[in-house]
Structures are given as structure tokens and as C-alpha cells.
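Trainee: Could you take me through one part of this model in detail? I would like to follow a single region closely and see what surrounds it.

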Amino acid sequence: MTVGPGVRIGTVRADAESDASVIARSRDEPEAFAALFDRHADSVHRYAARRLGGEAADDLVAETFTTAFQQRHRYDPARGAGADARPWLFGIATNLVGRHRRAEARRFKAMARVPALADHDEPLADRTADRVAARAVRRELAAALAALPARHRDVLLLVAWGDLGYEEAAQALGIPVGTVRSRLHRARTKLREALGGSNPTALREASDHE
């Protein structure tokens, strides 16, 4: 796999090696960086695809790991990143998503306008209450996400779609944990209002119907 111009990474050793150790070793052995891609590319792609769509996600993942490879000498586990590189990688991906704010907003607005399927559009066996509810939630969530301030949406989606904890989200965005909690609370409040008081954790469930 190629992560940048003229740089190709191949098979690496020590699958049990920590992310931090892999990054440190890759400074002298660039091919070692392949382990990081193998471990985390799928989760970064899922996160990016939910935010920007599958086609854009392919490019964003490639750019995320190219950027990470180029910046690997600056990775410092002592500054809160720790042995797990996910917050670092998701932080890079989120910064790159920031270059596509308009595309992301258009995507969520388009999802919010998708009408529910008419009865004749799918087999009777598939027309369950759960499916109908899921589509409705998805539309309402998409509209609410489009309306959120970008800084609140980033925190919310890192936690909901990136599966990061509060401290990990803080590391990813380079902000205090208290700021993560505050932004997450505000985002969840907005979503709860948009869903008529429903639990905003439905965000995870709705994302499964992408």
C-alpha cells in the first residue's frame, strides 16, 4: 500500500506491538507504518463515510494516513496520545473533514429530505414498525446534525461514530475534556429536541441504516 509519493509500506512484524511502538519504529523503518493502517483504516473509513459518503471517504482515509505518516516524527505518547493511536488518527481525519463542511452539510440535508418509502416500494414482510421508525429517526437526525455548529458536531460524531471516549475525543481535537463534555451536552440537547425528547443515542442505531 502507498501512503505518500514514493513511499510504499508492506508487511510488518509484531502484530501485538502497541501503536506508539509501531510509530516510533516507523521513524527508522518506514514500512512498519503499515501496521497502523491495517489496524485502523476500516474504523476511520466508517467514520468518514458516515460523515461524507463512501466515495469521499476513500480519499479522506488515504489523506489521513498520508498525513499521519508524514507527521509520525511529531507523535508524542507522553502528551496524552498514549499507546493507542486512534485519537490521533481520528483527530487528523476530523480536521480533514473540516475542509468539506459544505459537502457534509449538503449530505445531511439531502438525507433529511429523503421521503419514507411508500407501501408499494418494498415487500410487506419488510414493512415493519421498526424499519419505518428507523427511517424517520434517520431523517430527523440528519436535519439536526446539519443544524449543529461544526465544533459540536465534531465532538458528537467522534463519540457516537468514532467510538472515542471523552478523553480520547479531547486528545483528537486538542481541547480540554471539560470542553468535550460541554459541547457534547449541548449537541445531545439539540438532538433530543429534534427527536421530540427521544434518546439521542439513537444516532448510533440510525447510522447502521446508511
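Mentor: **A close look at the core around F108**

In the largest nonpolar core, which has 50 residues, W88, L89, F108, L145 and L156 touch the most other members; such a core is a set of buried Ala, Val, Leu, Ile, Met, Phe, Trp, Tyr and Cys residues joined through side-chain atoms within 4.5 Å. This is a predicted model, in which local features need pLDDT of at least 70 and side-chain atom pairs count only at pLDDT 80 or more, whereas totals for chains, interfaces and linings use all residues. Residues are numbered from 1 along each chain as its sequence is written, and side-chain values use heavy atoms, with hydrogens and water left out.

F108 lies in helix α5, residues 101-113 (helices are DSSP runs of H or I with at least four residues, numbered from the N terminus). F108 has a relative accessible area of 0% and is therefore buried (under 20% relative accessible area, with a 1.4 Å probe and protein chains only). Leaving out residues up to four places away in sequence, F108 touches R50, R51, A142, A143, L145, A146, R153, L157 and W161, where contact means heavy atoms within 4.5 Å. Among these partners is L145, which is itself one of the core residues that touch the most other members. From C-alpha to C-alpha, F108 and E140 are 9.8 Å apart in space, although 32 residues separate them in sequence.

L89, another of those core residues, is in contact with L36, H40, V44, T64, F65 and A68, once its neighbours within four places in sequence are set aside.

Note on methods:
Helix = DSSP H or I, 4+ residues; strand = E, 2+ residues; numbered from the N terminus.
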